[in-house]
Structures are given as C-alpha cells and as structure tokens.
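Here are a few friendly notes to read alongside the model. Take them one at a time, and keep the 3D view open as you go.

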Amino acid sequence: MSVTQQAVAIGGGFADSRPRRKAWFGGIHGADYIWAFAFAVPYVVIFLAFVIYPICYGLWLGSDPALYTQLFNDPRYFTAVINTVIYVGVGVNLKMALAFMLSGFFMRKRLWVKSLLVVFILPWATPALPAYISIHWLLNGQWGMLNNLLWLIFGWDGPVYLNSHWMGLAANIGAYVWKNLPFWTIILLAGRMSIPQELYEAANVDGAAGFRRFQHVTYPLMANLYLVCILLDTVFALGDFNATYFVSGGGPAMSTEVLATLGIRYAYTVALPRLGVAEVMTALPVLIPLVYILMRKLRVSEGQL
Amino acid sequence: MSATARTDTTFARETGTGAGADKAERRPSMRLHSRLHYRLQRYGMETLAIAFGIVLAIWSLLPIYNMWMIALDSHDDVFSGTIWPDNPSLESFRVVVTQNFWYLSRFWHQFGNSFYVGLGVMFLTLGIGSLASFTIGRMRIKHGWMLSNAALMTYVIPASFLAIPMYRIMQIYGLSNHLSSVILALTTFATPYAIFIFSQYGKSIPMELDESARIDGANPFQIYLRIYLPLMAPALVAVGTYALLLAWNEYLYNFLLLSTPDSMTVAVALAQFLNSDESPWNFMMATAIIYAMPPIILYYGFRRYMAAGLTMGGVKG
C-alpha cells in the first residue's frame with residue numbers, strides 16, 4: 001500500500017530547499033480561470049454533498065437537548081466513554097512504542113530481517129474483517145486455537161477471554177495493535193531511513209554510541225514524526241469500528257462497546273438514530289482540537305516539502 | 001550478559017569497528033580477551049534478535065494460520081480442539097466457489113460488486129483528486145488553500161462518526177441500496193489523501209514543462225492530460241492502490257448502505273455468517289480467505305513499486 005508515500009508526506013523530513021516561485025509564468029489569465037474553476041468543481045461538489053451536508057444534517061439531528069439527558073442517564077454510555085479512553089490511550093501508545101522499537105529492529109541489514117518484514121506486513125495487507133473474525137475465533141474459550149495451544153504446550157486450561165469485560169477490551173486492543181502495527185512501523189522506518197547516515201557517523205566520531213546517540217540524533221529528528229503519528233492514530237482509533245464490533249462484538253452484555261460502535265448500535269439495533277448522533281457528538285470536544293492540531297501539523301509539513 | 005544492555009543500539013547500522021580499534025594498543029592478552037568478548041557480544045545479540053524475530057513471526061501469523069486451519073477443517077472437526085485439522089480438505093473452498101450454501105448463493109455476483117465498487121472508487125478518486133491537485137498545485141488559484149484545508153479536514157474526521165447522517169443523506173439522494181452510494185461515500189474519504197499525495201508529488205515536476213507547453217499554445221486541460229498525468233504515474237499507482245484497497249476492505253458503509261443479496265459486497269455477505277450461532281464456520285473462513293486474497297496479492301504485487309516511490313520522494317531537489 002501507499003504507506004511509504006504517506007511517510008514521505010507526513011514525515012516533513014524531506015524538506016525541499018528550492019525557492020518557491022509563482023506558478024505558471026505570469027500567473028493565470030482569462031480562460032484559464034474557467035479551466036481552474038472547472039477542475040476544482042468535482043471536489044467541491046463531493047465535499048459539499050458528502051461532507052458538509054452530512055455534518056450539518058448530523059448537527060441538526062443531534063440538536064435536541066433532551067437527547068443528552070437521555071444519553072447521560074444511560075449507564076452504557078459511560079461504560080463506552082471509559083472504554084474508549086482506555087482503548088485509545090492504551091491502543092495508540094502501546095502500538096506506537098512497539099512500532100518505534102520495531103522500526104529500529106528492521107533497520108538491521110540482515111537478509112532474514114528483510115524477509116521477516118515481508119511476513120510482518122501480512123496483518124496490514126489482510127482486510128480488517130477476516131482478520132478480526134479470525135481473532136474472535138482464535139480467542140474462543142472452548143475450541144479456540146489459543147487455548148488449544150496453551151493446553152498442548154503448557155497444559156494450561158486457558159480462560160474464556162471474551163466473557164470478561166477486561167479481557168474482552170484487552171482482546172480488542174490487541175487485535176487493533178496486531179492489525180495496524182505494521183503500518184506505523186513502516187512509517188517510522190521510513191522516517192528513520194530518512195535520517196542522513198552522516199549524522200550517525202559524526203556522532204560516532206564524537207564518541208556517542210548506544211543511548212547517547214539515540215538521545216541526541218534519533219530522538220530529536222524523529223520526535224515530530226512520532227507526535228504526528230500519535231495524533232493521527234488517536235483520531236483513527238477514536239473512529240475505529242471494526243475491531244470492537246468483530247472481536248468482542250461489544251460483549252459481554254455491551255460492556256466493551258466504544259463510542260464508534262455504541263452510536264451505530266443506538267441507531268440500528270435500538271432504532272434511535274438521533275441518540276446515536278448525539279452520542280457521537282459528545283466526542284466533538286475532543287475531536288475538534290485534535291483535528292485542528294493535526295491540520296496545522298500536516299499543513300506545516302506540507303509547506304516544508 | 002552485556003548483550004541485553006546493547007540492544008538499544010540495534011537500530012544503528014553500526015558494525016562495532018570503533019569498539020575494537022581503540023583497544024588495539026593494550027597488551028596482547030587483553031586484546032584477545034576483548035576480541036573474544038566482542039565476538040560473544042555479537043553472537044549474543046544476533047541470537048536475541050533471532051529469538052525476537054521468531055516471536056514476531058508467530059504473533060503476525062497466528063490469526064492467519066487460524067483462518068486457514070478452520071477453513072481446511074471439515075464441518076464436524078471445527079470444534080475438535082486440535083491445532084491442525086485431522087482430515088484437512090478443500091471441501092469448504094469448493095462449497096464457496098460453487099455457491100453451494102444459502103448465504104453464498106450469490107457469492108460471485110457479490111465478488112463482482114466488490115470489484116465494481118473498488119474500481120469505481122479508484123477511478124473517481126484518481127480523477128477528482130488529480131484535477132483538484134492540478135488546480136491547487138500547478139495553477140495555484142487564489143483560494144486553493146481552502147480546498148487543501150477542506151481535504152485535510154475530511155482526512156482527519158473518522159468515517160464511522162459520519163455514518164448515521166450519511167445513511168440518511170443517501171436516502172434523501174435516493175441512492176439507498178445502490179452501489180453508487182457506497183462508491184460516492186468512499187470516494188469522499190479517499191480523495192483527501194489523493195489530493196495530499198498528488199500535491200506533494202507534483203512539486204517534483206518542474207513548472208518549466210507547463211510553461212513551455214503554454215508557450216506552444218496548450219490549454220490547461222491539455223497540460224493536465226499530456227504533461228501532468230503521465231509524469232504523475234507513480235503517485236497515481238500508489239493512490240489508486242490505496243483507494244482500491246480502502247473500498248475493498250471497508251465494512252461499515254457497505255453494511256449500512258447495502259442490504260439485499262444482489263447489492264451486497266463480499267464484506268457484508270461475510271459478516272452475515274455472524275448473524276447465527278450455528279453457521280458453518282469453515283465455509284465462513286474459506287469465504288474470508290478468498291475475500292482477503294485480492295488485497296494481499298495487490299499489496300505484495302505493488303510493494304516494490306511503492307518502495308521506488310519512497311526513494312523518489314526522498315531525493316532532494
């Protein structure tokens with residue numbers, strides 16, 4: 001997939017030193033404006049019809065204050081909020097920390113490391129739906145592969161993972177990490193590879209090795225990319241529907257639902273679409289600042305390119 | 001052993017020549033000792049790395065192995081509690097391919113639907129995205145930044161949060177249960193990324209080409225078609241693959257917008273198995289594997305091309 005392109009895009013490490021110049025010698029005139037306008041129309045239409053209109057429609061659907069009273073009186077909503085905080089907080093940070101370490105591991109030049117990378121990509125290349133369904137059966141208490149393995153190798157009788165709130169939530173987070181770890185590892189790997197080798201050589205000459213080199217070369221150059229990745233993945237994890245829906249199914253007794261799945265559940269299982277929209281809207285105080293920061297960050301890195 | 005203490009240096013492409021050289025003036029026995037020590041350290045680290053690699057491979061492959069194992073089981077053996085099927089057979093694949101089960105009675109039709117949606121999203125995304133990026137990046141219209149901001153905003157809004165209003169709006173547009181509703185919705189979410197990448201990549205194409213074409217009397221559309229698009233080929237391939245995979249892998253929007261067996265995509269048909277507790281899980285896993293094949297083939301097929309894209313992007317101008 002185009003992960004590498006994305007790494008280039010959000011890395012900001014590939015700064016272009018050429019002076020900027022105005023587009024098209026002498027600017028654009030007359031008939032060119034009509035062309036420019038015509039070229040922009042398809043995207044503007046798509047944006048207005050399928051982004052702005054749904055957003056406004058959603059704001060209108062969720063504008064009744066009574067909905068929020070109803071929502072805040074629902075204990076499932078608070079469970080979902082706490083689950084979402086844990087899911088996003090643990091899922092994103094654990095994954096990024098692992099991805100950062102793994103990107104260091106994959107910098108090794110051995111052939112077997114390169115072949116391992118090919119295998120390691122497989123979870124990312126597999127579509128989410130089959131992967132999560134497989135993980136759901138893998139964790140089945142009675143005949144799941146994981147418990148069979150535990151029994152065969154250690155003689156342990158494994159627990160029924162998806163029957164407990166905490167293990168169900170952990171399974172969802174684990175599945176999300178499993179699926180997306182390769183993507184972020186490759187992004188961070190591309191970031192690491194863009195660090196000029198001369199810097200490491202210079203650090204070597206100055207006597208910096210091991211942790212000191214990490215502290216003074218790798219860390220400062222990777223910090224921005226890492227931060228952008230964390231923020232971007234926070235938004236992705238916040239909106240992640242598939243892992244929770246297919247691994248634990250929100251169960252047992254809707255105790256592992258997150259905001260993204262509970263909204264759909266309200267709208268289509270209980271047939272309360274307005275409540276579903278209101279539920280999603282309560283994420284806006286977190287989402288809007290995140291989107292704002294991300295837009296700034298991404299635009300800045302775009303400007304540097 | 002000191003190997004563990006040095007694992008934080010594994011990211012570096014260091015060979016450790018410095019560590020041996022600065023001890024060269026010491027006594028011969030010391031030198032021998034340090035060389036031995038160094039060698040042990042290297043072997044220790046390599047062993048550790050290999051052990052880590054094995055754990056990583058198992059972690060990556062276990063769910064995928066599980067998928068195959070269930071698919072190869074015969075129906076009664078699914079619950080047998082082994083880690084390799086007693087009588088592995090391709091029976092469940094045969095059932096899926098011949099549509100011999102009632103959930104799967106329209107399987108190939110649905111497979112075609114998935115392709116139709118994927119290709120539709122791909123071409124729309126490429127067309128709309130490249131036109132918009134041409135206006136923003138090459139023609140530099142006055143308020144182009146507003147367009148790129150709109151794209152950025154769409155890129156960072158979670159699609160699942162817009163699902164409920166989007167569902168209603170598709171009904172208002174009269175597109176519910178129609179494949180074009182999914183195509184339009186997914187194009188909306190794929191285009192921002194396309195604009196983002198095209199704008200980045202377009203900066204590596206010299207403006208002088210456009211200018212000389214203009215002097216030769218080409219209009220903007222000719223420049224777009226004859227100069228911009230051919231030179232953007234690597235980015236077009238990367239974004240096209242992205243859009244195709246996004247559409248193929250999407251579940252939520254397919255599920256909400258498509259409900260009849262004839263309009264469903266494979267993703268929705270696959271999730272139908274979960275409606276019942278008594279479903280034949282081996283058929284489901286066989287369906288899942290067939291469904292997962294095109295993206296995996298596409299991904300590995302274009303991997304090298306993507307890597308080339310990276311190095312091209314990395315070259316400074």
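What volume does the largest cavity have?

1. The largest cavity has a volume of about 1,000 Å³. A cavity here is a set of points on a 1 Å grid over the protein atoms alone where a 1.4 Å probe fits but cannot get out, and its volume is the space filled by probe spheres set on the points. The structure holds three cavities of 30 Å³ or more.

2. Before going on, note that this is a predicted model, where local features need pLDDT of at least 70, side-chain atom pairs need 80 or more, and totals for chains, interfaces and linings use all residues. Residues are numbered from 1 along each chain, chains are lettered from A in the order written, and side-chain values use heavy atoms, without hydrogens or water.

3. Look at the lining of the largest cavity (residues with an atom within 4 Å of a point). It has 38 residues, and W124(A), F236(A), D240(A), L246(B) and E250(B) are the closest to the centre. By type, the lining divides into 27 nonpolar, seven polar and four charged residues.

4. Now turn to the two chains. In contact (heavy atoms within 4.5 Å) are 117 residues of chain B and 117 residues of chain A.

5. Two salt bridges are counted between chain B and chain A, a salt bridge being a side-chain nitrogen of Lys or Arg within 4 Å of a carboxyl oxygen of Asp or Glu. E46(B) forms one with R110(A), with the closest N and O atoms 2.9 Å apart. On the side of chain B that touches chain A, the residues divide into 80 nonpolar, 22 polar and 15 charged.

Definitions and conventions. Nonpolar A, V, L, I, M, F, W, Y, C, P; charged D, E, K, R; others polar. 1 Å grid on protein atoms, 1.4 Å probe; cavity = no way out; pocket = protein on both sides within 12 Å on 5 of 7 lines; lining within 4 Å.
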